[in-house]
Amino acid sequence: MSNKKYWQSFGELNQTENFQQSAEKEFKEELLPLADLDDKGILDAKTPRRDFLKYLGFSTAAATLAASCEMPVRKAIPYLQRQDDIIPGVANYYASTYVNGGDAISVVVKQRDGRPIKIEGNELSGITKGGTSAQSQASVLDLYDTTRLRYPMQKDGKDFKESPTFEAFDKLVGAAIAGKTVVLLTGTVNSPSTLQIISEFLAKYPGSRHVQYDAVSYSGMLLANEATYGKREIPSYHFDNAKVIVSLGADFLGTWLSPTEFNKQYSATRKISGEKPEISRHIQFESMMSLTGSNADDRFMHKPSETGAVAVAILNALNGTAASFADKKLNDGIKLAADKLKAAGGNALVVSGSNDVNVQIIVNAINEAIGANGKTINWAITSNYRKGIDADMTKLVDDMNSGAVGAVLIQGVNPAYSYSDSKKFIDGLNKVIGVSFNATMDETTEQCKYVIPGHHWLESWGDAEPKTGYISIIQPTINPLFKTRAFQTSLLKWSGGSTAVAAQTAKGDSAVVTHPAPVSAIAAVISKGADYESYFKNYWLNKLGSADNFDKVLQDGVFEPATPLTAAGATFSGAKVEEAKAKIAAVKGGDTEVVFYQKISIGNGSQANNPWLQELPDPVTKVTWDNYVMMGTDMYKVMYNKDVLTDKGASDAYEVHPEKPVVKVTAANGKSIELPVLLIPGVQKNTIAIAVGYGRQSADKDKTSDNIGKSAAGAGQNAYALVGFDGTNQYTGTVKIEKTDKTYPLAQTQVHGSNENRPVLYETSLEAFIKNPEAVLEEVNKERLEITANESKDFRNDATLYPDNMKEKPGIKWGMSIDLSTCTGCSACVVACTAENNVSVVGKIQVQRAHEMHWLRIDRYFTGDMENPDVIFQPMLCQHCDNAPCENVCPVAATNHSSEGLNQMTYNRCIGTRYCANNCPYKVRRFNWLDYTGADSFPDNQNPLIGVDMNTTILQMNDELTRMVLNPDVTVRSRGVIEKCSFCVQRLQENKLNAKKAGDPTLIRNVKVACMQACPTNAISFSNVNDKESDVYKIRNIEHKHRNFYVMEQLHVLPNVSYLAKIKNTEREVAAVKEAEEKGEEKKAEKAHA
Amino acid sequence: MERGKKKDMSLLKYESQLREPLVDGDKDYHQITEDIVRPIEMKPSRLWYIGFYISVALLLFGVYSVYREVTYGIGQWNLNKTIGWGWDITNFVWWVGIGHAGTLISAILLLFRQGWRTGVNRAAEAMTIFAVMCAGQFPIWHMGRVWMAFFVMPYPNSRGPLWVNFNSPLLWDVFAISTYFTVSLLFWYSGLLPDLATVRDRAKTKFRKMFYGVASFGWSGSTKHWQRHESLSLVLAGLSTPLVLSVHTIVSFDFATSIVPGWHTTIFPPYFVAGAVFSGFAMVQSLMIVVRKVLNLQDYITLGHIEAMNKVIVLTGSIVGCAYLTELFIAWYGQNPYEWYAFSQNRANLFSPYGWSYWLMMFCNVVSPQLFWSRKLRRNITVTFFMSVIVNIGMWFERFVIIVTSVYRDYLPSSWSTYYSPSIYEIGFYLGTFGLFFTCFFLFAKYFPVIAIAEIKSVLKTSGENYKVKMTDIEKQDAEKFYIDEVAHAH
């Protein structure tokens, strides 16, 4: 044996102690956690060799990743010093108030990372009680409107140039208006602090005055109230106290006065509850099909010129005089209305949408006669929504033209567009110093010499008093985006308001003493000088008495009487009634008459550049982006010799082609517009209806898109010019209507109006429902039994060949219930869904091609008598079927079912075969046909399509500024993928996490999806249906089980959205499905007989 | 008795006199080679160039249309929220159907030992391959995100792993079409080998020698090669036969397994297969009538061939007609209100918006093929050509009717659609596939033997006209001899 020694290290060679130790432990050594290496350095640590590969692997992979994938640079600048109340990724909510003209809705603003992104109703408000409207929901987008003015400007030739500083601007304007008669022209102002500032301002300028102007006027009503009650005010209406509601053309659920408030009240009277439910009786007299009319139990039609006569007839009928119109149905309706009104014993209400003072006087007389004054009409609390008097405006325009006025300061109104004689107004404006406070460049601002843009309400401090004693506070939720200034601040500055502010500040100081902490902050602001913020804070500190109170009001957003004031009447004077009757009798009608109305989306046109509203389909006509001549089937038959009611070919042809014939409408004042004809049943046969608020146009036509806005440009025609004017705005009149050779494609989202006798919706009359609650769904239940094996009653599990997999799932199972009885079709939910879920706006051309993206839509069906049909609105969204036909056809499993019953969409996985959309019986899946969001893999592929396939509104929506409205919790979908309602899964997750954190599963009941939260009538309920205490469980199984149905249930797709059958309070036969069936049978019988 | 047996044996060598010859004219083996290979060796005619350039132009327009659609989105087409599929899937199903005749001729008729298939099988198989290539374009490019199309492949991945949805008929399509294409291509190419070798052997230029040399995989014509070739042909024929039935069956599942009224019809699988064969044969007719004229191959593609295919057309056309009436009857009898509405209103009602398409389909597919009960018309080339075009128009409308008239008014009346007509890019895509198809076909006709030389030679001795004449003479002599030997002698 050789003595040769093989050694690997000196340690081994010398057999040192160290070596021996380590050799013994060679394989026992434990790996140290990385933290242990910290103080020693990697090479000195005990185990560098073993970790070497790990480090190598990690660093190589990291280096490869870092080097090979070019990541786009995204700038996210963190807060240098984070504010206490901002946690990135967590939303904050602030109470505020949506204001627009005289409209005011108490809201809660959702703010994410400093950006307001969503409006919710403020449940603390005693007026709107958490309800919102489509317009208020959409107004958050106005904040990010690209056409907002960014700095004060003065006219320089034809264009404007920027004024360098506010001070310079103040000097300029101060000099310009000094010594002149100043008129402050605003919309209805219901802000108490602003009104005080205005009065202080006017005091500084002798001879000056404040004119309030409403684009759509309620002047007739104010004057009528003055004539009969001695007050130029509008009382509060209590629809919730009314058992009988008669509306003479007042669209109180859509646009009349305060629709959100009235929706809330109305729905309270329409809720079905208990064994013998009682609901209000709603009778509508009108000339066109309004949203309110389409909700009425009974609806009667008359010519617009007969509005007064109908009112008089009702008044007479109350005394037993029968009406004598040529139309027998109308006479019956008047008798019915009078009988019901009399029987209601004061719990009745008559309202009229007319701007004719005489009609309103008669309406007041009716209300007086039925005892509504003091019961459903409350003079103790007056409404401050509208205060404009038409004659004031006429006088102002005359004064401007005659030189009696030196300067006009304009805030929040746009008479150059909406005044019926806009040319005269513009001429006058050019003769005076015009100063505009409007936030965007509009037709009026274009004509002004000085422009100092105001804040958006989301950037403002302020207050509103929509009803006397009911204050709603506006607080800013974002710093002003641009160099804008509250118009109240300007007034303070120009009235040399330092004294007023000083006085206020002095008063405010008393509060400082008692509450040093919060008020010191306020005092700091105050010291800045005369601005509205400090004025406002002082104003309220004084009123509220302490900073604590102020903070509480700020947090609540509202300041209201602790107990609601009891309703009180006012003394009625019938002196003018006979005179009004005589004047009404003298009214002469024409062969063709027109009604001008507002759409619930665009309203008076102030939000015309809001793409969400422009793309919101009108609930009745389902048309977007345009106004049109609404025409009944009779007039269409006369004009075009096609009877769509009997000739299926003609109705098909009308329906399937978006191109509609264009007519020329000439008003009595000689002005004319050309608009496409939209056929809607239920429009009186001598009447057409045209919506105002469209056709916004810059003085220089080519600049409309830049100045007024990309979305407003090209949307419809301006109908204000046709509005008759004789000191009172008359929204009706005689017109001439002529055919043209042109056609125009209307962007309509629903073209077929009949439910084709399909089990899509059910309705019945109250009487029938009380008699036998099960009758309404008798057919469905019978069919369930027929389909189900062995006559089992378990339709869900036994009507299928498939085994157990359909069984109920434990844990959470989300479900929704929608009450068709209380849904009025107001469409607030549609806009809320759009805002919450970043639903794309696609523009007019794309809607014409049926490419709209709405996740939630309101389907509208006409039933019954096609000349005066019943209308049902049915919110339709993804039904989240448990046996979803869309899921099994997707080749890549991009849509699948969650364990909580959600039908989920994985956008990343979707390759866009559209098979799911084809296979969806509810047609709720939406495909991204083009690059609507700019989130596409192909950059810059929108521009080449602009004008051909896309409207410029796409660019507006994808502007850096506008994109600030996006909800960061929801992915923006790219082109080529399918999307659909997710049941607001981001809200569900948040809610679940909150419940988990709190350790309280019952908190899951707090969840609110966007549509449900926006709904002013609480028609939508949503909850975990496995929870027996949840709303939806109770609705489906206990409270409303007799009305509960699923749309086309027999397909056995097992939807998770259920509906409640509609109940109408009328003696007519109203069963939607049954009626059609019977008709079909009759026809068959007739044929057999023949 | 013994003599009689002998006579039977001799008669087995050739076909009955009652059958028409499959190869006309005084052909021998060399003449066949000459006739079929000549077009390959000659410069293409003016007509070929014109046709080829038109095809390429159409193809380029198609490429541009697809480019538009991929870059800007499916919104370049006029589909909408209600009508998710229109011309895209209509064309897909139409082209797949066209492909069926090729496989039927080459596989099923091979198994059934139908000698007449030899005249048309090569071109029909080529047609199958090109048609399937065209068909495949539609499901690919109709995807909203075509760059993610590989998601439909079930490959191992690190996404979970995330697999495809094996429940989806669209996925079955992926497998069905790709299998069909692969087998058809193999079948076609393996049949080409001996003929390519023939062309190689006659080649004079170096390039041609190399090209056909490589293409023919070193075919030497040895007995071993032939033996393997025959076996392979039979195996592939065996594989293809079920594919003829399965491919269109699976395509029909796209509709039949859905819940759309008008799609959800259990009769679809057989009805689609019959329709596919119907349109496939019509397309073969259209092509062969032109090819035999242009390439002067009337002796190989005879009136007998045309008549045989017309018989298939009238048979399958009638099957399709029965299917139409059956589904109409079942829609009524089944009492499903949605289905009955789809049939009675969307389709059969001539005055409904798409009623015209249903009745056009009925006329083209059911009424017009009935002309072929007349032998005279079956053998009339002009009528046949005209009819083949009519049939393909009819079959296109069949798919259009099924797809569009079902979805445009399906379950929920609120979503009923406006009138759908294709955009220029939808039409362009369709024309583009015509361009692809004819470009391929022109190249094929120029560089490959359009008739299977080896196979046609195999039937020459039994069904060639001159051989039949010769055999008749022999038979006649035989009979005379018999008469002299047996009958006369007996006397």
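Predicted model: local features only at pLDDT ≥ 70, side-chain atom pairs only at ≥ 80, totals over all residues.

Q: Which helices of chain B each supply at least two residues of the side that touches chain A?

A: Helix 3 (46–72), helix 6 (169–202), helix 8 (223–256) and helix 11 (337–348) of chain B. Helix 3 of chain B gives the most, with five residues.

Q: And how many salt bridges does the rule find across that interface?

A: Five between chain B and chain A. R409(B) and D652(A) make a salt bridge through their side chains, at 2.8 Å from N to O.

Q: What about area and residues in contact? How much do chain B and chain A bury between them?

A: About 5200 Å², with 55% of it on carbon and sulfur atoms. In terms of residues, 63 from chain B are in contact with 69 from chain A.

Q: OK, changing topic: helix 12 of chain A. What's its span?

A: Helix 12 of chain A runs over residues 357–369, so to speak 13 residues, and reaches 18 Å from first C-alpha to last, close to the 18 Å expected at 1.5 Å a residue.

Q: Is helix 12 of chain A mostly covered or mostly open?

A: Mostly covered, with ten of its 13 residues buried. The buried ones are N358(A), V359(A), Q360(A), I361(A), I362(A), V363(A), N364(A), A365(A), I366(A) and N367(A).

Q: What caps the N-terminal end of helix 12 of chain A?

A: D356(A) does: one of its side-chain oxygens lies 2.8 Å from the backbone nitrogen of N358(A).

Q: And what comes just after helix 12 of chain A?

A: G371(A), which takes a positive phi of about 80°.

Q: One more. Where does E446(A) lie?

A: In helix 16 of chain A, residues 443–446. E446(A) is buried, yet has no salt bridge.

Q: What's the nearest side chain of opposite charge to E446(A)?

A: K703(A), at 7.6 Å.

Q: Then what does the side chain of E446(A) reach?

A: The backbone nitrogen of A699(A), at 3.0 Å.

Q: Which residues is E446(A) in contact with, leaving aside neighbours within four places in sequence?

A: K155(A), F160(A), M441(A), S698(A), A699(A) and N707(A).

Definitions and conventions. Residues numbered from 1 in each chain as written. Chains lettered and ligands numbered in written order. Heavy atoms only, no water. Helix = DSSP H or I, 4+ residues; strand = E, 2+ residues; numbered from the N terminus. Expected span 1.5 Å × (residues − 1). Buried < 20%, exposed > 50% of the residue type's maximum accessible area, 1.4 Å probe, protein only. Polar contact = N/O pair within 3.5 Å; in protein donor to acceptor, adjacent residues only side chain to side chain. Lys, Arg positive; Asp, Glu negative; His and termini not counted. Salt bridge = Lys/Arg side-chain N within 4 Å of Asp/Glu carboxyl O. Contact = heavy atoms within 4.5 Å. Buried area = accessible area lost by both parts, 1.4 Å probe.
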